[in-house]
Amino acid sequence: MKDQVRALREDFDRELKAAGDASALQALRDRYLGRKAGAITALMKALGALGPAERRVAGQELNELKTHVESGLDAARDRAASDSTAQRLARERLDITLPGRRPPHGRRHPLTAAREDLEDIFLAMGYEIFDGPEVEDDYHCFEALNMPADHPARDMQDTFYLAEGGLLLRTHTSTGQIRYMLSNPHPPDVRIICPGKVYRRDDDITHSPMFQQIEGLVVGKGITLGDLKGTIEAFLHALFGAQFPVRFRPSYFPYTEPSVEVDLGCVVCGGKGCRVCKQTGWLEIMGSGMVHPAVFEAVNARLGRVVYDPEEVTGFAFGLGIERVAMVRHGIDNIRLFYENDLRFLEQFPG
Amino acid sequence: MKVPIGWLREFVDFTAEVPRLADDLTLAGLAVDGIEGKGDDAVLDLDVTTNRVDCMNVYGVAREVSVLYGSALRPLPVDIREEGPPASGAWTIDVEAPELCPRFCGRVLDVRVGPSPAWLRGRLEQVGVRPIDNVVDLTNYVMIEMGQPMHAFDLARMPEARIVVRWARPGEKLLTLDGQERTLQGRIGVIGAARGALGLAGVMGGASSEVSDSTRTVALEAAYWDPPSIRRAAKALGLHTEASHRFERGADPEAPPVALARLAHLLAKIGAGTARPGLIDRYVAPRPRTRVSLRPGRITSVLGAPVAVSESRRILSGLGFAVGEPSEAWTVDVPTWRGDVTREIDLVEEIARHHGLGRIPSTIPPSARVEGLRPTQRRDRKVRELLAGAGLIEVITYSFVSVDGGPGPAPPLLRLANPLSAEQAVLRPSTVFPGLLSALRTNLRQGRHDVRLFELGRVFGLDRAFPEAAPEELRLGLLLAGRAPGHWSAAARAVDFYDVKGLVELLAIRFGVPRPDFQPLAGPSWDAVLHPNQSAQLAPLRPGRPTEYVGLLHPDLVARLELKEAPLVAELDPARFDLGASIRVRALDRFPAVERDVAVVVEAAVPAEDVLAEIRRAAGPLLREVQVVDKYDRPPVPAGRVSLTVALAYQDPARTLTGDEVQSSVDAIVAALRARGWDIRGE
């Protein structure tokens, strides 16, 4: 009996090692522990034929074998189970270098992005955004802005006229100055920007017949040229970074006096001189000036009473091209790219 | 304008290097665009603003330099020795139109026509003027030097040695110096002769009395012309010359006699002739002198910082202004060459630009009120964000389109009187037709077939309230073409009606407004524009609002536009998405919902919405939600019919529903659907 037990143990240990998977383990369990045909079960049954002393010893050995087999099988089963999880995980391997399933992704136009950035800076400074019409009349576009008929400055802005009604397409967003002052809910204080499309009869690499501007107007008691400077510096530093210097130089616009052109230190070369700044180190970025008293007078005349007394209130105005900002930002040298709507261009911007 | 440094130095001394001078001029308002050459041979390229006609000459720039550096401005040498018989005996001048020509001056010169000396030719070449002969060269020289255009006539070729300054007669003909025969119409001034005209007033001389090698006596003219008259004439003739450029901006009425003397002085200096005694001066409409009052306090209140009184007075005097005694309000006499200065604020600018804008401290005015985006501005930003987030790319197309505007319902078109081309002659009535479609074609040409675009911009038309409200409104256009956005893991599919309808539904959901009612297209204006059975128009927001639509382009239009595949388009009124009512929160459900499916087989032509409406009618109050989850039209569903699977959700806020009450509602639904003649599958 003792030899039989030892032989059985050796067989089991060998077979357990060879058992590859769960079904082989089950077969092994049936072969040794099965209720009907199990080898250990058969020996247990055979104990009855032994004498009492022999039976006690053999019974003990047989119990030990049974425990050994059971624990060996259990351990092997657990091992097999964990092996199959590993195999499953291996089978489930994905190629993580293939593209992800992206939710749909479009983009805003780069001029929209630029415009909203500009708007946000002025919103933070307490400005209101005012939308004026694109179809305008001579009064709002020229006359009220100190450009009467025959004024040479009208040549600077070749105008599209409509066939009907004596109307025109606004050549600048300065029209917003007049429209706002005429409908101002809290006169004489004004603090607005007026973004939008404008139109001029020009079409070449640096001119598009349609383009976008932002006009600004601040009016009130005690508004000065110093306020103009401080506001524009704050704005340009917020937009481009405080490392770029800003300079102001006298210029001419019919509706401002003094008129001021604003230059920004070249963002491309840092002021050393390059192709973009035409070797000057400066980029012409916007026009501005103190509101001409004639503009206040024209608005007062239309209102029929003195709401903006040039002796009492002063103001500053400024205007810049949104394309100009986007072109400086992104190194674009052809303004027409903005309006060709070629996806090869538009898809370069995160929007 | 080109200004040679050597020429400047004739009138003012300065030690600044040329690049420094260029910077200083730029910061005083005379922008230097470029510098050619070095040292005394350098030439500045100035971009003079249109108001500063006084600086469109060397002497005017020298005056600015003298103020910049506090250096004296030397007077122009104009001394002459007159010889021969009196000028007035040789030449008769009559001004018939004083409103055209307030002042006309003349001198008679005896000349020896020949080439100019090298120094004179060199100067002209430096500023880009081609030397011709000494007489013509000197007229150009004096114009560049002091800004007064002049004209030299060959006195022998002037009929009866007489000039009449007058308006042109209708149809009058004139051969101008540029070799063109011009027929004059309208109010154009001429320098007339006994017969015909000798030149265009203030614009260009005529050929008939041109100076030539054989000229012995010159009638030299310098005038002050009425600026608007010259501007209108130059515009009418399409002729812009150095002379008209200066005259239309207002020259100096005191310059003509000085310029004549300056030329005579130079003529003698180069040994090419002498002046006869006497200036002929017809100052028929003397120009008023401008006197302006300047309050020093005003300088501070406009600039925000004071400028020393002595500094202000130094600047004004240096620029030629005669400044009265210091007081509360100074009396300032404006020099005749500064026609642009007419009021106090103009003087403040003169002081500011020479004081230096850089010296004015920067301040930021305090804000008195809180502003922010208006609701429509917030809406427009959100529309753009949502559509970009939904995979569409924003485009901006031109507001002007081709003459035919495009198909579809449109108000009467607004036309441009002076378009750049027939392709840009009309203000667009729509964002889709043709803007988004041409953007599609641009990209198809590049081999891009999967195109998803939107544009939010104004459209134009005559039927809007007019002219108080502008004839323009905001529209949102959508265009989808090619395949739906895909992934390598799934088969590609073409975009269809439901893609574009879904975008409209997405916008409605995200703005918290009712989902639009999609209705069949109505009206003949859609014929051959949109596919009649794969398009819809939206129930109008309010009566009188423009038509809004979503749909597939009609195959005939697709063929006409030479597109391979039909794109889907939509045009919407963004006002539809004006932010909805504020949200009131509903209590969370405490009791579970019970879900059931019903599959109903109907004729293919029956709209799903009819089936859902029938279900809602029959279901009773416990039905919370009903939606189509599947549509199936292959066997075993008979041909011509479709099976719609509808998911039903029942819920009561106050209790758990029993199986029986749900079942009785489903039974009622099934009975109602059967009563319509529809079959129920799986029952």
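Visitor: How do β4 and β5 of chain A run, and how many bridges join them?
Guide: In this predicted model, strands β4 (residues 190-199) and β5 (residues 210-220) of chain A run antiparallel, joined by ten bridges.

Visitor: Which residue is the bridge partner of A:Val198?
Guide: A:Val198 has A:Phe211, in β5(A), as its bridge partner.

Visitor: What sheet are they in, and in what order do the strands come?
Guide: An open sheet of seven strands in chain A, with mixed pairing. The order is β1-β4-β5-β9-β8-β7-β6.

Visitor: Which strands stand at the edges?
Guide: β1 (128-129) and β6 (246-253) of chain A. Each has a single partner strand, so one side of each has no neighbour in the sheet.

Visitor: Switching to the two chains. How many residues are in contact?
Guide: 69 residues of chain A are in contact with 75 residues of chain B.

Visitor: Which element of chain B gives the most to that side?
Guide: Helix α12 (residues 344-355) of chain B, with six residues.

Visitor: And by class, what is on the side of chain B that touches chain A?
Guide: There are 36 nonpolar, 21 polar and 18 charged residues on that side.

Visitor: Now the core. Which residues touch the most other members of the largest one?
Guide: B:Val218, B:Leu263, B:Leu478 and B:Leu479, in a nonpolar core of 243 residues.

Visitor: What is B:Leu479 in contact with, leaving aside neighbours within four places in sequence?
Guide: Its contacts are B:Val432, B:Leu436, B:Leu440, B:Val451, B:Leu453, B:Pro567 and B:Val569.

Visitor: Which residues does the second core include?
Guide: That separate core has 13 residues, among them B:Val598, B:Val611, B:Leu644 and B:Val646.

Notes
Residues numbered from 1 in each chain as written. Chains lettered and ligands numbered in written order. Predicted model: local features only at pLDDT ≥ 70, side-chain atom pairs only at ≥ 80, totals over all residues. Pairing = 2+ DSSP bridges. Helix = DSSP H or I, 4+ residues; strand = E, 2+ residues; numbered from the N terminus. Contact = placed C-beta atoms within 7 Å. Nonpolar A, V, L, I, M, F, W, Y, C, P; charged D, E, K, R; others polar. Core = buried A, V, L, I, M, F, W, Y, C linked by C-beta atoms within 7 Å. Buried ≥ 20, exposed ≤ 12 C-beta atoms within 10 Å, placed from the backbone.
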